Amino acid sequence: MEKLRIIFMGTPEFAVGILDTIIKSNYEVVGVITAADKPAGRGQKLKYSAVKEYALENNLNLLQPTNLKDESFLEELKSLKANLQIVVAFRMLPKVVWEMPSLGTFNLHASLLPNYRGAAPINWAIINGESKTGVTTFFIDDKIDTGAMILSSETAIDDTENAGQLHDRLMHLGCDTVIETLKVIESGNAVTIIQNDSSDIKTAYKLNKENCKIDWSKSITEIYNLIRGLSPYPAAWCFFGDKDQEWNVKIYEAKTILEEHTHTIGSLICTKKEIKIAVDKGYIQIVSLQFPGKKKMTAAELLNGITFSEDAKAY
């Protein structure tokens with residue numbers, strides 16, 4: 001049994017949970033690689049990644065290369081004498097990096113591969129109304145999320161669950177799956193499965209302003225799934241318009257009301273405490289939202305400070 005010397009690569013909070021589990025399971029992490037600091041916020045102060053903050057708090061050897069092919073970085077990487085690398089929510093690696101350790105480089109991906117390869121697997125599983133998802137470990141190759149699979153773990157998606165809630169559950173599931181993967185690699189018993197490629201594989205496209213915008217002409221279920229699939233980040237959005245005013249609005253939480261009606265699609269129907277938006281075969285009731293320059297608030301809180309006319313619309 002070969003003792004593992006691990007380099008961990010990751011950036012966001014999702015990766016921190018995995019790294020913490022590896023450390024607490026008494027595996028030797030000889031280096032942590034994360035993204036370079038980036039300016040953020042109005043003051044443009046340099047912001048540390050979640051993984052960097054964890055590495056500093058735990059006195060781990062930290063590297064932040066801007067160029068993964070830089071000779072000085074590659075020499076430093078070699079000097080750590082790692083025999084295994086683990087990647088969780090980092091970036092695409094050049095071949096010279098992922099093929100360096102003798103036992104390979106594996107990635108934890110938050111989907112049941114080969115479905116939902118790409119940048120936003122948790123969001124798209126909910127947006128597309130999936131009833132199940134999971135996590136997969138696989139050895140990295142020269143394409144994105146296509147390598148030979150090692151282990152996978154499955155979980156059901158609740159039909160009211162949002163992306164943030166599923167993210168947290170998959171992080172815990174990922175912790176267990178990574179440790180099981182380490183055990184089979186350490187014992188020399190890793191058996192891999194080649195991913196099948198077919199035309200019906202679903203993709204986890206990168207989220208952008210266009211695919212996060214709500215189309216109120218879609219079905220009530222599709223709209224509801226988009227809202228919860230993008231909550232709490234980056235959040236589904238649309239415009240509210242009333243007479244000569246227009247607001248860019250983020251919607252974080254909603255409910256569905258199945259009910260026949262004669263309202264025009266997109267009409268805002270408001271009481272003193274509720275906002276409903278007319279859609280095909282019912283309404284989307286807004287629970288929480290955010291107006292430009294304001295904090296996230298409930299519909300009732302918003303209606304304390306604004307009154308919509310009967311002509312108000314969402315579009």
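Analyst: Ala204 sits in strand S11, which spans residues 203-204; strands (E, at least two residues) and helices (H or I, at least four) are DSSP runs numbered from the N terminus. The model is predicted, with local features requiring pLDDT of at least 70 and side-chain atom pairs pLDDT 80 or more, while totals for chains, interfaces and linings use all residues. Residues are numbered from 1 along each chain as its sequence is written, and side-chain values use heavy atoms, without hydrogens or water.

Ala204 has a relative accessible area of 1% and is therefore buried (under 20%; exposed is over 50% and partly exposed lies in between, with a 1.4 Å probe and protein chains only). Beyond four places in sequence, Ala204 touches Tyr116, Arg117, Gly118, Ala119, Ala120, Pro121 and Trp124, a contact being heavy atoms within 4.5 Å. Trp124 is 80 residues from Ala204 along the chain, yet their C-alpha atoms are 5.7 Å apart.

Ser267 is also buried, at 9% relative accessible area, but its place is the loop between strand S13 (245-258) and strand S14 (268-270). Its contacts, leaving aside neighbours within four places, are Lys276, Ile277, Ala278, Ala312 and Lys313. With Lys313 there is a side-chain to side-chain polar contact at 3.5 Å; such a contact is a pair of N or O atoms within 3.5 Å, where within protein one must be able to donate a hydrogen and the other to accept it, and residues adjacent in sequence count only if both atoms are side-chain atoms.

In helix H2 (residues 50-57), Val51, Lys52, Tyr54 and Ala55 are buried. They lie on the same side of H2, because they cover an arc of only 165° around the axis, taken from the directions from the helix axis to the C-beta atoms. Among the elements covering them are strand S1 (5-10), helix H1 (13-24), strand S2 (28-33) and strand S5 (62-63). Just after H2, Asn59 has a positive phi of about 55°.

The largest nonpolar core has 39 residues, of which Phe8, Ile18, Ile22, Phe106 and Leu182 touch the most other members; a nonpolar core is a set of buried Ala, Val, Leu, Ile, Met, Phe, Trp, Tyr and Cys residues joined through side-chain atoms within 4.5 Å. Helix H6 (residues 163-186) contributes the most to this core, 10 residues. Beyond four places in sequence, the contacts of Phe8 include Ala15, Leu19, Val29, Ile86 and Val88. Another core lies apart from this one, with 38 residues, among them Cys212, Ile214, Leu226 and Leu230.
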